[in-house]
Amino acid sequence: MTTIATTTMGTTTRPGDTGLDVVTGAFSYSGAAIADALLDSGRRLRTITGHPARAAQDSAIEVRPLDFDDQLGLVKSLEGATTLYNTYWVRFAHNGVDHDLAVANSRSLFHAAKRAGVQRIVHVSITHPSIDSPMPYFRGKALVERALAEADVSYAVLRPGILFGGEGVLLNNIAWLLRHLPVFAVGGRGDYRIRAIHVNDLARLCVEKGAESHDSVTDAVGPERPTFLKLVRSIADVVGSRARVIRVPPSTVPVLSRLVGLGLHDVLLTRDEFRAMADGLADTDGPATGTTTLSGWLSAHGADLGRTYANELERHFRSHGS
Ligand SMILES: NC(=O)c1ccc[n+]([C@@H]2O[C@H](COP(=O)([O-])OP(=O)(O)OC[C@H]3O[C@@H](n4cnc5c(N)ncnc54)[C@H](OP(=O)(O)O)[C@@H]3O)[C@@H](O)[C@H]2O)c1
């Protein structure tokens, strides 16, 4: 096992540490939080991203393209880095980009990291990935974890349920719907639990795991696990929504979601995302690894939540390169 030494700055170094790390998607959601946490801890940073033009003029982050068709380019983008922080994934299949492709791309990324001499990979996964899952998202996530374990690079997997804070989509868009629609439909009894973690808590965990050297798998989950119905009602309260929260048969949720999505030119919630949530896959019963409470965060940020709709298709499927 590799020896780790702690510097006086509180950051950790390992033999051969270059001081440089690579994070995927530093201008997207969790990647941005991880980038901030790494820069705060004194690391130099490079990102590989499909949206290089999103870099600020004075960004301290070196930017390289996330191009899975260019394996040699990927290797070069990873050369000189000690740790790769990987957030890459696709939320749903769209326009020929699907979970099978995301699995293959993830495998390419891990191979490139190995070839580039990266010492450690910190990988963001999801709660309850399963090779046997009928859902391509959860099956794909399990296949990526397996590919990581086979990549012959020391690794840490972090498995969040749902993320909140920062530029997150899910809670923001529930709030947007509660602000703009007269009715909000909850599938079934809404008694399935949501174990969310603040994106900055996830980022802190990533940096901590980056400093370790043994292989590990950890649920990245916050201290609270409200039912979905309670969560929706809490969001309605903090945004001052007048929408009626009603319960509908579970089978109607994907249909309603698709109809509203058509109006918004977005994919709101896929059939599998609803099914996973209703099956309890966004919940765990282990100890909390994040400290920020969802209820406290909602009280502090409710006034701003859902003022603007966050469009997933705009973020990741329509505006590549910008
Ligand atoms: N958000 C949540 O609530 C949540 C919950 C549980 C688990 N997770 C997991 O956390 C990880 C990061 O999620 P996130 O929400 O933070 O994602 P994100 O920042 O929106 O995207 C993460 C990375 O994936 C790339 N990406 C996303 N969609 C893509 C597409 N259609 N085509 C090509 N590249 C794409 C992004 O590319 P760019 O650099 O071009 O932006 C970025 O590098 C994922 O593994 C996800 O499964 C997230």
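This is a predicted model: local features need pLDDT of at least 70, side-chain atom pairs count only at pLDDT 80 or more; totals for chains, interfaces and linings use all residues.
Close-up 1. The backbone of histidine 265 has a positive phi of about 55°, although the residue is not a glycine. Most residues other than glycine have a negative phi.

**Close-up 2. Aspartate 152 and valine 153 in the loop between H4 and S8.** Aspartate 152 lies in the loop between H4 and S8. Valine 153 also has its place in the loop between H4 and strand S8 (154-160). Are these residues buried or exposed? Aspartate 152 is exposed, with a relative accessible area of 59%. Valine 153, at 8% relative accessibility, counts as buried, because the cut-off is under 20%. Aspartate 152 has a positive phi of about 65°, and it is not a glycine. Valine 153 touches Lys114, Val118, Gln119, Arg120, Ile121 and Asp215, leaving out residues up to four places away in sequence.

Close-up 3. Helix H3 covers residues 99-116, which makes 18 residues. At 1.5 Å a residue, H3 should span 26 Å. Which residue caps the N-terminal end of H3? Aspartate 98 does: one of its side-chain oxygens lies 3.2 Å from the backbone nitrogen of aspartate 100. Just after H3 comes glycine 117, with a positive phi of about 85°.

**Close-up 4. The buried residues of H3 and what covers them.** The buried residues of H3 are His99, Ala102, Val103, Asn105, Ser106, Ser108, Leu109, Phe110, Ala112, Ala113 and Ala116. What covers them? The cover includes strand S3 (20-24), strand S4 (44-49), strand S6 (83-86) and strand S7 (120-124). It also includes helix H2 (71-78) and helix H4 (136-149).

**Close-up 5. Threonine 83 in strand S6.** Threonine 83 lies in strand S6. Its relative accessible area is 2%, so threonine 83 is buried. Neighbours within four places in sequence are left aside here. Beyond them, threonine 83 is in contact with Leu20, Asp21, Val22, Val118, Arg120, Val122 and Gly210.

**Close-up 6. Valine 157 in strand S8.** Valine 157 is found in strand S8. With a relative accessible area of 1%, valine 157 is buried. Setting aside neighbours within four places in sequence, valine 157 is in contact with His123, Ser125, Glu145, Leu148, Ser216, Val217 and Thr218. How far apart are the C-alpha atoms of valine 157 and glutamine 57? They are separated by 32 Å, and the two residues are 100 residues apart along the chain.

**Close-up 7. The shell around the ligand.** How many residues surround the ligand? There are 24, and the closest are Ser28, Ser30, His51, Lys141 and His316. By class, the shell has eleven nonpolar, twelve polar and one charged residues. H4, strand S9 (162-164) and helix H11 (312-318) each supply at least two residues of the shell.

Close-up 8. A polar side-chain atom of histidine 51 lies 2.6 Å from an oxygen atom of the ligand. Tyrosine 137 likewise places a polar side-chain atom 2.6 Å from a ligand oxygen. For lysine 141, an N or O atom of the side chain is 2.5 Å from an oxygen atom of the ligand. Taken alone, the ligand exposes 870 Å², and the protein buries 89% of that.

**Close-up 9. Serine 30 in helix H1.** Serine 30 lies in helix H1 (residues 30-40). Serine 30 is among the residues closest to the ligand. At 11% relative accessibility, serine 30 counts as buried. Not counting residues up to four places away in sequence, serine 30 touches Thr87, Leu163, Val199 and Leu202.

Technical notes. Residues are numbered from 1 along each chain as its sequence is written. Side-chain values use heavy atoms; hydrogens and water are left out. Helices (H or I, at least four residues) and strands (E, at least two) are DSSP runs, numbered from the N terminus. The expected span of a helix is 1.5 Å times one less than its number of residues. Buried means under 20% relative accessible area, exposed over 50%, partly exposed in between (1.4 Å probe, protein chains only). Contact means heavy atoms within 4.5 Å. A polar contact is a pair of N or O atoms within 3.5 Å; within protein, one must be able to donate a hydrogen and the other to accept it, and residues adjacent in sequence count only if both atoms are side-chain atoms. A residue is near a molecule or strand if one of its heavy atoms lies within 4 Å of it. Accessible areas come from the Shrake-Rupley method with a 1.4 Å probe; for residues, only the protein chains shown count as cover. Ala, Val, Leu, Ile, Met, Phe, Trp, Tyr, Cys and Pro count as nonpolar, Asp, Glu, Lys and Arg as charged, and the others, Gly among them, as polar.
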